[in-house]
Amino acid sequence: MPRGWFPKIKQVRAFVVRGGGADYHDQGEGHWIDDHIATPMARYPEYRRSRQSFGINVLGTLVVEIEADDGTMGFAVTTGGEPAAFIVEKHLARFLEGRDPRETEKIWDQMYFSTQYYGRKGLVVNAISGVDLALWDLLGRLRQEPVHHLLGGAVRDELQFYATGARPDLAKQMGFIGGKMPLHHGPAEGIEGLHKNIAELAEMRSRVGADFWLMLDCWMALDLDYATRLAHAAHEHGLKWIEEALSPDDYWGYAALKQAAPKGMLVTTGEHEATRWGFRMLLDMECCDIIQPDVGWCGGVTELIKIANYADAKGALMIPHGSSVYSYHFVVTRHNSPFAEFLMMAPKADQVVPMFHPQLIGEPVPENGRLKASALDKPGFGVELNRDVPLARPYTH
Ligand SMILES: [Mg+2]
């Protein structure tokens, strides 16, 4: 390209896809991810057995595609489905089209503050995240650089992973450094449910031995009293961390839980938190030891830079939630992100399969619990959109 010239953004398009992928809860019957998992809705018996019963998979995947005027395309996938597609097409696209794709800060600022009156968190920030990730993908492709080069470069030669799924014992055999299980019983199932939770942990501890990391993901299901009792009972079985025990709005509860948790057990949360301001609350109020932003939900890479820097200055670890290549390119550039999460999306959690299957082509997966940084050395986020999966574009502008 001529000196000084850089392509402009020509068009932003938003699509919806069903079946797995970024909306990883959208799975068939019998998958471990929907097997009587403790949730805040489990207080209602009719919604206790299945998260799909209360609509966890109602949104589907959002695909954002950004085309530059030289024909180069960037894209990203996240959740948010049709309502996020509306926001992208009808509201956010105006802040990108005709603009220089290198202006990531200004574009993010305009997307966030133009939607603040109905946004701030949740679906709107999911949509902003999808656009931001597609923009970084485009920028990497235009510069023929992987996104991690644009973020300052790798500080390690490889990524190390823990596995999230129902079978930490199998994850250990597959080379992962730890296993995080879903909690199955919430406060509504009483002391009997608490005993079952501890029995499941004890059984898994007996299978994996003393040193393998075991964690429990509580998916916002508990109250402070239950979480405190669970943490102390689980401490006897070497639980490494208790994740997202309380509602993400209950900053006070998290601060109290961190105080009440046994010494040596980590309190983690943040996958349903968003933006630098949300994470500032978690860090300033000393709610947790590890923050777990999802780069596809918290505001994208542009916002994760700010979140991660604040955590670093506060001495907190930042271990992103899931999100595949979109977090790998970030984690590899940060010392306060020494390992990453891998979601076991095989229905029985008995083999490693690509996390966002079938929507991405070329999605790298860990081998023996590790991934070489060089596996990320492709332009952008280094993956392609699988065009064999039907894409619907519900809105245009
Ligand atoms: Mg979690």
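Which domains does the domain assignment of the protein give? In this predicted model, the assignment gives domain 1, formed by 9–23 + 59–144, and domain 2, formed by 150–378. Taken over C-alpha atoms, the centres of domain 1 and domain 2 are separated by 26 Å.

Contact between the domains involves 23 residues of domain 1 and 19 residues of domain 2. On the side of domain 1 that touches domain 2, at least two residues each are supplied by strand 3 (73–79), helix 2 (104–114) and helix 3 (122–143). Helix 3 provides the largest share of that side, with 10 residues. By residue class, the side of domain 1 that touches domain 2 divides as follows.

| Class | Residues on the side of domain 1 that touches domain 2 |
|---|---|
| Nonpolar | 10 residues |
| Polar | 10 residues |

Turning to the whole protein, the secondary structure comprises 11 helices and 14 strands. The radius of gyration is 20 Å, close to the 21 Å given by the globule rule for 397 residues, so the protein is as compact as a globular protein of that length. Along the principal axes, the C-alpha atoms fill a box of roughly 65 × 45 × 40 Å.

Of the 397 residues in the protein, 50% are buried. Among contacts with a separation of 6 or more, 71% are accounted for by residues 24 or more positions apart.

Methods: Residues are numbered from 1 along each chain as its sequence is written. This is a predicted model: local features need pLDDT of at least 70, side-chain atom pairs count only at pLDDT 80 or more; totals for chains, interfaces and linings use all residues. Domain bounds come from an automatic or database domain assignment. Two residues are in contact if their C-beta atoms, placed from the backbone, lie within 7 Å. Helices (H or I, at least four residues) and strands (E, at least two) are DSSP runs, numbered from the N terminus. Ala, Val, Leu, Ile, Met, Phe, Trp, Tyr, Cys and Pro count as nonpolar, Asp, Glu, Lys and Arg as charged, and the others, Gly among them, as polar. The radius of gyration is taken over C-alpha atoms; the globule rule is 2.2 Å times the number of residues to the power 0.38. A residue is buried if 20 or more other C-beta atoms lie within 10 Å of its own, exposed if 12 or fewer, and partly exposed in between; C-beta atoms are placed from the backbone.
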